[in-house]
Amino acid sequence: MKKIVVLVIVFIGLLLTPGWAGQDLFIKNGTLLTITKGIISGGDILIIDGKIRQIGQDLAPPEGIPVVDATGLYVMPGIIDSHTHIALSGTNEGSVAISSEVRMKDVINAEDTSIYTALTGGVTMVHTMHGSANPIGGENVVLKLKWGKTAEDMYVPYAYRTLKFALGENPKRANMMVVSANPRYPQTRMGVVAIIRREFEKARAYMEEWKRYNQLKKNKKLVSFLLPPRRNLRLEPLVLMMEGKMVARCHTYQADETLEFIKLSKEFGFKIGAFEHAWEAYKIAKELAAEKIGISVFADSWAYKMEAYQGIAYMAAFCAKNGVLVSINSDSGERIRRLFNDAAKTMRYGDLSEEEALKLITINPAIQLGVEKRVGSLEVGKDADIAIFKEHPLSAFTRCEKTIIEGEIYFDRAKYLEEQKKKEQKKKEKAEKKTPKGGLK
Amino acid sequence: MRVLKNYLIFFFVWGLIAAPLFGEVVKPTYALVGCRIHPVNGTPIDKGTIIIRNGKIEATGPAEKISIPEDAEVIDAKELEAYPGLIDAYTQYFLESTSPSTAQRQSRMMAASPPEERSWDKTGFLVVENLKFKKTTLDSLHRAGITTILVSPPQQIFAGLSALINLNGEKLPAMVLQDKVALHLYFTTARGSYPSSLMGTVALFRQSFYDAQHYDLQKKTFLRYPDKVSRPKYDAFLERLLPYVIEKKPVIFNCANLEDIKRAIRLIEEFDLNGYIAGANEAWRVIEWIKKARRPLLVSVDFKPPITSRYANMGEEIKEKAEKEIYPHNPAELQKEKISFALVSGKISKPGDFLKNVRLAVEAGLPAEEALKALTIIPARYFGVDSYLGSIEPGKIANLILTKGELFTADCQVRRVFVDGLSFEVKTAEAKSTGKAAAVNLSGKWKASLVSQMGTLESTWELTQEGNKVSGMIASEMGNWEISEGTLSGNKLTMVIMANIMGQDMELTFEGEASKDKIRGTISFAGGSAEMTATRIPDAR
Amino acid sequence: MKGYLKMKTGIKKMVSRVNIKPGLSNFSSYFFSSRTKFNRKTITFGVVILSWLVINSLFLIAQQPEQVIAIKGAKIITVTGEEIPNGIILIKGKLIADIGPNVNIPSEAKVIEAQGLRAYPGLIDGYSFLGIQEISSVRATVDTRETGDINPQANSYEALRPDSVHIPITRANGITCALVAPTGGLISGMSGLIKLDGWTPGELVVKGPVAMHIQFPMPRRSFRRQSKPSVSTSKKINQLKKLFAEARYYEKRRLAAQKNTLLPYPDFDEKLEALLPVVHGQLPVMISVYAENDIKQVIKLVKEEKLKAILFGVHDGCKVANEIAQAGLPVVLDSLYNMPVRWEDGYDALYRNPAALVKAGVKIAFSSQSASVAKDLPWHAAKAVAFGLEAEEALKAVTINPAEIFGVADQMGSLEKGKLANIVLTDGDILEIKRHVKHLFIEGQEIDLSNYYTELLHKFEKRLNENK
């Protein structure tokens, strides 16, 4: 009882410490896969206050800093998963077709155990999103997976603001089990495009209303009875998009609907941050490269619905080789554990080099999310978000040993194994306690 | 002449009978002698006397100083403790079940479903109009020493307006102390229609409050410049929101977990609401937010970790440990940081459990005096009734309890309860051991229909009940699903169903009420929720 | 026989007696001369027989171009024997005719230069939906799960679609054979072993039926204490026992009626009929079971009913490895792409499962449990290696072990003389991700590695290059 009280008090005490600053750490003698500046064997990384201060060989760490011995291990930047739905209390506002007013930021669940699961796969940052049930979903959020901390600690404010769009079978509810007597509009791809266009037109009109109001406000005679327009939280994100302050992240499969969405983006002047899944992007690699629009895709999860039937495992490599910025995502609390295996598949299907394959899960998603100045590679000045692997991360025989965010170790396999052992011990002791008396105490 | 005589006799007799109905009932005067008085607004008095007259506390003080009036019924209170009647400021007792029938719900669901269909708008729901008196509930509340309760409306996004009730045993609504106490809001979803997700609910709150502000501005501007501004269209919902958004009447947010508390505080700040935070059994984990916000807190003593909490998702052992050892420290932690709060029952449906859990909180470190305050003067202050409730002072309403043994100890027993000066002797619980016997056995075949925004699905259920565990199969055109865990406690049924929908294995949870031939409730799944009703198929003999 | 001998002596007499000069005119004059009247019959007879023999042998030669292929210079991983660092595999027809460091290569052999490559036996998937599922959400293309709970009569290998795009994709990654199994209900039906090359279902099937499939539920996230076995598992076991008893009784009545025509003959019951080989221990059951207590109950059931059994899934393998080993049951693991249900078991519970089972002496095999990602089979094995399984054991678990479990170890599962020539040539460790399959042989035939993926890729590579 006393032990638990102590634990509780310690735990509560830890919680009370405000705004945890980054930690200090020294990683010693590992094979550093920097992503942007080549590979350093026998390399060291000095981390002060959560930032990488020095990278090199035979560095001398200051006294008192905890040391991680990475001899024989591989050190890479923390993996970035640019499409997930973890750490949220809710995925889809599926009752209506347009729900741009919702913000995933309002429903972050920092206690979702999927966060820990992602850490065991070397993932340090996620772009966690609204689902694909709606043509226009909601505002997504970028988090660093600081397991044990608060949602505010995890929130990444300097990423692009992104709004989720979806095309194809999901928003048109093609795979619903029961077709209701009153199906929700739209039920076809043409309806999906039309409804998105309709909302942007509405947003244009709304923007106009506010422009007019702001103009008229300047006239002192009118101010007293001048009413501002009613704030429309649904249209405001679309206005932000047209003003360039928010980008679209659009879920798409078929090449045709992808091209239609690019047309829409030109019609209303908004930017596309990336296409999600985009299983037929290889068919329009030309267009995507010309428009400089990136894609965030699976390695090989396909053939689960009609529009995913022409998705080929060669796609990521093919697009990457032909001028398209490609990142690999998981869109799953299970697959997030093996993004490094998925990246390796592009070497088998498409012959990407090791360097290019690793980019797909580090610097590329960082660029797509607008955080490449802070994360995505091992460079001096960047955040110390690091994953340490037993074998090369692109080997099938590897596993993640430690996951570090801003210098703090959030996943440590060695510690985990110790805890498991202790649990086993306790279980054995409990079982032994029962047997001598031949029953429960 | 005879006629006149008859009239006179008639009126005389009628007068005798009717007088109590019209005149003021003359309440008896009491003198409680020899008890230890805990007045709450001062130090305890060891051997004291309390005089109750006309429903009010006339005098209170050490026995030597108080003279016992002649018309007083003397109650020997030696070795008893006297406390102000306890106030439970967040309950759902006496609420009449108001869920609409399946047919109504179905028709509503299948009708043209514009996104603005405001099924979540219960701002017009007045608790005071939906109360049903139940003697057993009254008795169990008295047994727990509770004399005043706030009844909050049932769960809904904009749930309605609560009422304060003084448990003086009279028929409702004569027990009502105050009507339209506060607007209650829940972080829940509108099943089957917008908003069907939590982020949708937050967006709805924000849009509604902005709309109320705009509506008010529009109305005011129109009244001043009727020639220049167009007349605002009447909106009943926004009208009902105005007192809370503009005039800053109290709004109570029901917060099931720590993120809800943050969500509530953010809304309170964005719209400058007079917001209260209720539930909050995880409040200690966001203590900095609460300190900064300085809003009234109605802390529930339900110690079950909420389902979003990591304690609930890391195995049974940790969950139980959290319930027994971590969550009970919540009130103590708040008190350490000098945060004031009221203690409420919240989800706990039995008054006896409420008191028990307050005791656990005291054992976990909450000082007993603070616990007492949190059940008396603080909730009274929160709801503006502290001028006549919440402590033992002359002039205040005679809501008192006499207990054997100090409150918040294991062997404390409430002996007598005074509400509005009326005395209730509390019978020591003989038959209260089993509470409501689960006399309902759900075994057998049922025919069910599930209504969702995607249509109606018929299914046949085969249930087996052993004790209070329910198991069985659900067969429908989508396949046969197994009920893996079902529990029936009283008339509340919860089930976990292993479904397989189009090759995808999913877990559905069902929560509802069950009676001998009818089960009604909600099925929740990853994308939303739906209503389900089942009727028993009688055995063909 | 008598006629043949007569003909023989007749021909001998003819040859010795007559001086026949070569030449058709000579022969025909001889044939038609009066002196040879007696021999005309014999000669005609002999000519007919001779021509028949000649035509037949030509026919046979045309049918069996017994192909000879020699794979030269590869590092040969036989699985059951020593590795051969630089060896030769000689394929004759369907079989491996010879294998070793020095093998004589006949002149007619087609030689495949394999320097720098590795040769492995074709991989075998322990449980897949190849050929019975195309697009998982399009019901019309999914035949994995029959309606209802009890379907022992359903044969998954009678529903095969050889044109499925998943088959060429899967074999292009080194898998040559796969178990195709149904799922769902309590008894899902029977599975068959297919090779990933064939035009018709008949050509695909290597062995059928292989097992009868029985399903116990997978525990869900809210799975509580394991102190008591789940109620539904005991119910299911009772249901099975009842069914087995019914099947036995059904057979008894039928046999009795066959002996005594006065007794009523029981109606054909397809389900009970299908269960008879199971009940007699001839057809193994593959039981999908996951939770610790369920596994223990299943082991008991198997013993009591005297079934031949294979366990599938076995997520709690770590906890009951010894019991499974003692019962002598093999385990086919399900896809390692699943999440452990209980937090307390640890995040790597399913990953360390295979090693724990092998350590206790259980024979394991891996499976993909898929059609569209069946190609990932070797990478499930690699994942187990990352978490403690020895690499050799992992390789065995995708080659010889499934062959033994399914009773085809005499034909496949390792590179040995006399076995079928199911061979994969890779440019790296077959369990690694980044290696490529350079050549693939199924039953001695070299297989075209192009598939749906490569076809689409080439088509759109063309588009990209067209305006350049």
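Which residue in S12(B) is the bridge partner of B:His184? I looked it up, and the partner is B:Ile252. I keep in mind that this model is predicted.

**Entry 1: the strands around that bridge**

Strand S11 (residues 183-186) and strand S12 (residues 250-255) of chain B run parallel, and four bridges join them. Both belong to an open sheet of six strands in chain B. I noted the order as S8-S11-S12-S13-S14-S15, with mixed pairing. Next I checked the edges. They are strand S8 (158-161) and strand S15 (342-344) of chain B, and each pairs on one side only.

**Entry 2: chain B as a whole**

Chain B holds 13 helices and 26 strands. It has 541 residues, and 46% of them are buried. I then took the contacts between residues at least 6 apart in sequence. Of these, 60% join residues at least 24 apart.

**Entry 3: two helices of chain B**

How do the axes of H4(B) and H5(B) lie to each other, roughly parallel or roughly perpendicular? I found that the axes of helix H4 (residues 198-224) and helix H5 (residues 236-245) of chain B cross at roughly 90 degrees. Angles of 65 to 115 degrees count as roughly perpendicular, and the two helices are therefore described that way. Their axes come within 9 Å.

I listed the residues that meet. From H4(B) they include B:Phe209, B:Ala212 and B:Tyr215. From H5(B) they are B:Leu238, B:Leu241, B:Leu242 and B:Val245. By class, this contact has seven nonpolar, two polar and two charged residues.

**Entry 4: a helix of chain C**

I moved to helix H7 (residues 270-279) of chain C. Its buried residues include C:Leu272, C:Ala274, C:Leu275, C:Val278 and C:Val279.

**Entry 5: one proline**

Last, I looked up C:Pro402, which is found in helix H13 (residues 400-405) of chain C. Is C:Pro402 buried or exposed? The cut-off for buried is 20 or more C-beta neighbours within 10 Å. C:Pro402 has 32 inside 10 Å, so it counts as buried. Leaving aside neighbours within four places in sequence, C:Pro402 is in contact with C:Ile124, C:Gly126 and C:Ala365. I also checked C:Ile71. C:Pro402 and C:Ile71 are 331 residues apart in sequence and 25 Å apart in space, C-alpha to C-alpha.

Technical notes:
Residues are numbered from 1 along each chain as its sequence is written. Chains are lettered from A and ligands numbered from 1 in the order in which they are written. This is a predicted model: local features need pLDDT of at least 70, side-chain atom pairs count only at pLDDT 80 or more; totals for chains, interfaces and linings use all residues. A residue is buried if 20 or more other C-beta atoms lie within 10 Å of its own, exposed if 12 or fewer, and partly exposed in between; C-beta atoms are placed from the backbone. Two residues are in contact if their C-beta atoms, placed from the backbone, lie within 7 Å. Two strands pair if DSSP finds at least two bridges between them. Axes are lines fitted to C-alpha atoms, for helices over the stretch in contact, and angles run from 0 to 180 degrees between N-to-C directions. Angles under 35 degrees count as roughly parallel, over 145 as roughly antiparallel, 65 to 115 as roughly perpendicular and the rest as oblique. Ala, Val, Leu, Ile, Met, Phe, Trp, Tyr, Cys and Pro count as nonpolar, Asp, Glu, Lys and Arg as charged, and the others, Gly among them, as polar.
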